[in-house]
Amino acid sequence: MRSYVPAYELRAPESLEAALELLEREPDVWKPLAGGTDLMVLFEAGKLTHRKFLSIWKLSELKGIEVTPEHVTLGALTTYTQAQAHAVLQREFSLLCQAARETGGIATQNRGTLAGNIVNGSPAADSPPALLVYDPQIELVSARGSRWVPYHGFHTGYKTMVLRPEEIIRRIRLPRTKQGWGQYYRKVGTRKAQAISKVCFAGSAQMQHNTIRDIRIALGSVAPIVLRCVRNIAALRSQKVSAGAFAAAKETLAQEITPIDDMRSTAAYRLRVAQNLLEEFLLQLQNNGGDESHRGLAAAES
Amino acid sequence: MPDRANKVEITCTVNGETHSFKAYPMARLLDVLRQELRLTGTKEGCGEGECGACSVWIDGEIANSCLVPVLQVAGSEIKTIEGIATGEQLHAVQEAFISCGGAQCGICTPGMVMAAVNLLERTPRPSETEIRMGLAGNLCRCTGYMKIFEAVVRACQATGVKV
Amino acid sequence: MKKHLIGRPVPRKEGRAKVTGQARYVDDLVFPGILYGATVRSRVARGRIKGISFGEGIPWHEFTIVTAKDIPGENYVALIAHDQPYLADGVVNHSEEPVVLLAHPEKYLLEEARRAVQLEIEPLRPTFTIEDSLSKKEIIWGEDNVFKSYSVEKGNVDEVWARADFIVEGEYRTGAQEQLYIETNGMIAVAIPEKGVTVWGSMQCPYYVHKALMALFGLPADKVRVIQSETGGGFGGKEEYPSMIAGHAALLAWKSGKPVKIIYDRAEDMAATTKRHPSRTRHRTAVSKDGKLLGMEIDFVIDGGAYTTLSPVVLSRGTIHAPGPYSCPNVRIRSRAVATNAPPHGAFRGFGAPQSIFALERHLNRVARAIGLTPEEFRQRNFIQPGQTTATGQVIRENVNMNHLLERALALSDYHAKTARFARENSGQRRKKGMGFASFMHGAGFTGSGEQYLASVVELEATPQGRVRVLAASTEIGQGTNTIFSQIAADALGLDYDSIEILKPDTASVPNSGPTVASRTCMVVGKLVEAAALGLKQTLVGSGFLQEGYTPAGFERACKRYIESHGPLKSSSQYQPPPGIHWDDATYYGDAYGTYAWAVYVAEVTVDTVTFETEVNDFVAVQEVGKVIHPVLAAGQIEGGVAQAIGYALYENVVWNEGRMLNSQMTNYIMPTAVDVPPIRVFFEELPYSYGPAGAKGLGELPMDGAAPAIVNAIENATGVSIHHIPVMPESLMEALAVTEKAVERA
């Protein structure tokens, strides 16, 4: 434990209202702490520069999953375990469930939250690419009220986002508009479980025969933020899925992503693998046209 | 001298017993268990939530206690390895670890047993894949995992269906 | 007579304590008034210490501070050479070198203080690679950067090249590997200058620590006491390093007058303690067109890091294992251990053999291909037979049959059918499958005259209640020492398993049975346990208190009566070399090891050409190991060793930057999880070795030697890509595949 633990304050407000009031009263002083699976790792390493934390872990206002005909709305504190267990999420938002299943081990999944993952802002996070594919809206609340923002655009740069210091994420709203879309998610990590991703790919497409009517593509670990590939989306809409389309899409991807060399992997590897995953996604669309998520762990079962 | 926050009073249940103590709110649950409560069965292997040697149950869910600030377990029920056996009677998983050779150096064993018991409570008849994934958060350097898998299977068989 | 325990899966002696969390490892031990200790280390790989400053805001008067000038005795860690200081004195030679020690009652404040100590170091030019060290551009150690060199000559290798039908060359490299025991290094020390020093901690070799502390403090043997606490894994990583951390804790205890506990966190343990020696092996091999080895020339170099530590011995084992289980009339091996400014490398299971065997088993596949033989055909034509000699001139007297082991391993893994099927099915597939194997051996016990030099002793003592205590310095570190010693003693005495107690290794109470290393604990020390047990029985029978054919109850009565009449009932046994073993250290010639375990390992892999990841789908490990004392423990050793070797081959990459390990976290240094390991299928053959207990040989390190080359051979079979280094990361497999594809395109 490389931090000076006595210097850190942690308070557990009784309600969301109390938490927001404190954030409003003392701007930039308090940071919300949820399950701790990211922040406590920094703490152990002596790298947690902030000193005062608000525990929002037990706030009931931030929990729960609500289903309406148009939306599935997840409370900010929805854990990976809870996401995986939800029947509607499994059926209609399977990539999110798959991402949750591949995040850490079960102990991490029990404490890690979707909002915590978003706010941590790591470009290597596993759920955000899956989320981006579903066009979610994020509800941000403060003492002064709430606002909804599209998740696409929430991250503005490496570890920067539109969230203001006095705001907390309250809900993540997923529109139920992708039923019947072909779905694909693949995380390539340092090993099969408990791994930080080197490249993470999420894709979804609405097919009509062999033509892409609409498509979403998002990647992690290839840019300073989790990236929605707008250029490829634009380029692939209304395209027939063909070998020529694959080559062009891979080239467009190379223009759109900016992978780097780091301790875990290389830019060349990330680029090549991202292109291969894109191709694998498009091939799957070509072969199935329907709803089938790639399961990276299927290899272990075969 | 660096500034110090105040310790706070925390009450929680550990292995069925209520405990009240003062602790820094961001102190790791792992350290509080080991030092304050002298329950040294839970181990530190990495401090990063990677190895699972610090696994405990919090309100029935398995968690890495090295990543839990103790303030967050106020009012919670915690179970550690010391609470798995019932007096002298070992849990079926513990018996199986002994008979199958699932423990070598033993340092990962408390966390591994916590994970295995938790797995069997959620999934009484796990498939091989479910066993592997259920234990994916617990690293063992000695066994290569083979005899740990055997121990989990043996524990299922020993008790019929539900453990 | 009692039913035998040897060969049966009796429960682990300390198993119950381990599964209930009651086993006490060093960090579980509580001492009143204890201080916590921390180490301030150089961040510069090589340089001169210009100053040490203590920053503001820390109540330094509350701290115990130790530097080199506080050392009462000698400032070196006694091992082979005396070149590694406990605390840097004027110069630093690696970026984790200890310079200042701190102690304080509060752990949290100790960390703040550690951060506040500034070392001013004027950098000198460091050396980080084998090539740079050999070039002698900069002399960083001794006169020529070479810790040790060996030369082995058999026949006349210089005259084979002219008459060879094929000459095949290759260069192979292996990286550093971290032992990654789940319990980090830790020690507790109590030191009172007039009375002496006592340490408790995680360790493999209490007497190594004992010897080192004697020199550090200038104390006689009876004023130093070393006690092993339950140890959470070692794998060699706690062979010599504990002497360093014990000395540090003891120095702080000496100066403060209080007990001191030092426990490394994972980041410090990974970065600062020893790792497996990186290696470079060059092979040049002459073969005839009918596939017979005519000559082998091998150049083997290991990177020892900044100080000697165990490099001479690692080099020795790597050298002797370099030509493998083959018969070759002309062999030259030239080997060197060189210095670099990395933290010193040290013991890790296999101890030089995994490095040189990787090179050999990759190279021989290349040789086979050059001649147009399959890898297995080539091995079959060259396996060493009983009566033939090794490169060091050792005549193989045991009934080894490598051809049989190979056939069995290939059958069990369905090697031929799968190889054929994969060859048919791989084309056009994104996931390509392949099979690969490695054939190898591992010498048990210390090399050459090492065991004689150790002169290990074991004592047994009986109590009036008829319980028998085994007194040995051999440590339980998970491999099953306590259990097999109990089985061996119980069988030799005709007693129940529970009648045998294994005393905790404590240098005040147990004799020196040598270090717990070199796959010797069962074969060498277990034999001494057996002999001492038989000696105990002989004493009782000879005294008239016991008749042959006795029951355990009769034994108990006899002990009671003996002790009442004669006093303590003890026996001891000291190592005697098996007859006919001759080794010449000067010429490096003769019987290198009393016996070898022999093995063939087979790996089935899938290479995903989308992600360039390799997964191992099935693993077969066939080995001949003499008598298997405990089938579950023995299989556990093979399974665990194979898993570590899979890590060595595919996952465990140490990322270096300016001589520092960058990825010193479990998040970034990758070992296999429960999802990553294949089924590891273990098969034993037993040819009893007369000088092992009940015929047992050593097997603890064997599994580390063969898995990596088997896997990389399988990758080549799957993809056509020949990789000459490990670990094979997906990034480098991608590059290698691209090169191969380009070559194919051009062809």
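Mentor: We take the domains of chain C and then its contact with chain B. This is a predicted model, where local features need pLDDT of at least 70 and side-chain atom pairs count only at pLDDT 80 or more, while totals for chains, interfaces and linings use all residues. Residues are numbered from 1 along each chain as its sequence is written, chains are lettered from A and ligands numbered from 1 in written order, and side-chain values use heavy atoms, without hydrogens and water.

Trainee: What makes domain 1 of chain C and domain 3 of chain C count as in contact?

Mentor: Contact means heavy atoms within 4.5 Å. By that rule, 17 residues of domain 1 of chain C touch 22 residues of domain 3 of chain C. Their C-alpha centres lie 37 Å apart.

Trainee: What does the area buried between domain 1 of chain C and domain 3 of chain C stand for?

Mentor: Buried area is the accessible area (1.4 Å probe) that two parts lose on being put together, summed over both. Here that is about 1400 Å², with 67% from carbon and sulfur atoms. C:Ala518, C:Ser519 and C:Met523 supply 42% of what domain 1 of chain C buries there, more than any other three residues.

Trainee: Why is the pair B:Lys43 and C:Asp28 called a salt bridge?

Mentor: The term needs a side-chain nitrogen of Lys or Arg within 4 Å of a carboxyl oxygen of Asp or Glu. For B:Lys43 and C:Asp28 the closest N and O atoms are 2.6 Å apart, so the pair qualifies. Six salt bridges cross between chain C and chain B. Between domain 1 of chain C and domain 3 of chain C the count is zero.

Trainee: Which helix gives the largest share of the side of chain C that touches chain B?

Mentor: Helix 16 of chain C, with eight residues. Helices here are DSSP runs (H or I, at least four residues), numbered from the N terminus. Helix 16 spans 631-650.

Trainee: How many residues form the contact between chain C and chain B, and how much area is buried?

Mentor: Chain C gives 59 residues and chain B gives 50. The buried area is about 4200 Å², with 57% from carbon and sulfur atoms. C:Val19, C:Ile182 and C:Ala674 supply 17% of the area on the chain C side, more than any other three residues.

Conventions: Domains from an automatic or database assignment. Helix = DSSP H or I, 4+ residues; strand = E, 2+ residues; numbered from the N terminus.
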